[in-house]
Amino acid sequence: MLDPKIEAFLREHHLLTLATCQNHMPYCASCFYAFIQEPATFVIATDAQTRHGREALENAHIAGTVALETKIVGKIQGVQFTGVFQKANEAEKKAYLKRFPYAIAMNPELWSIAISYLKFTDNTLGFGKKLEFFAS
């Protein structure tokens with residue numbers, strides 16, 4: 001079960017960094033996301049023809065981050081995660097379009113990232129405090 005502190009953090013934010021890799025060459029892209037708690041899943045919109053879209057389709061094992069931008073060390077919070085990239089199902093699509101209703105007009109390609117591992121660093125709980133989540 002995902003710690004409520006992690007869930008609250010992910011619901012407060014909307015932008016993740018998606019990391020892919022092809023031929024031993026890493027690449028990152030920023031994507032808006034909707035978060036679904038059970039099962040722990042990010043839903044993103046991207047075209048399959050983008051570099052990160054192509055690479056995630058060729059190697060579905062991806063990584064990423066969500067971070068709070070701050071210079072105050074005591075407020076640093078962020079997650080690093082790994083997961084599996086796949087076509088979004090209807091429930092996942094609905095969650096994304098509920099979070100970003102203006103996207104309906106764009107008719108985006110929607111994808112999900114089933115989180116397999118997530119580490120949350122939260123300095124508001126103490127310097128370097130980390131909470132981990134492993135998918136079952």
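Arginine 51 is partly exposed, with a relative accessible area of 33%, whereas glutamate 55 counts as buried at 3%; here buried means under 20% relative accessible area, exposed over 50%, and partly exposed in between, with a 1.4 Å probe and protein chains only. This is a predicted model, in which local features need pLDDT of at least 70 and side-chain atom pairs count only at pLDDT 80 or more, while totals for chains, interfaces and linings use all residues. Residues are numbered from 1 along each chain as its sequence is written, and side-chain values use heavy atoms, with hydrogens and water left out.

Side chains of opposite charge can pair when their charged atoms come close. A salt bridge is counted when a side-chain nitrogen of Lys or Arg lies within 4 Å of a carboxyl oxygen of Asp or Glu, and by this rule there are four salt bridges, including those in the table.

| Salt bridge | N to O distance |
|---|---|
| arginine 51 and glutamate 55 | 2.8 Å |
| glutamate 90 and lysine 93 | 3.4 Å |
| lysine 87 and glutamate 109 | 4.0 Å |

Arginine 51 and glutamate 55 are four residues apart in helix α2 (residues 51–58), and so are separated by about one helical turn; helices (H or I, at least four residues) and strands (E, at least two) are DSSP runs, numbered from the N terminus. Glutamate 90 and lysine 93 are three residues apart in helix α3, again about one turn; glutamate 90 is exposed at 59%, while lysine 93 is partly exposed at 26%.
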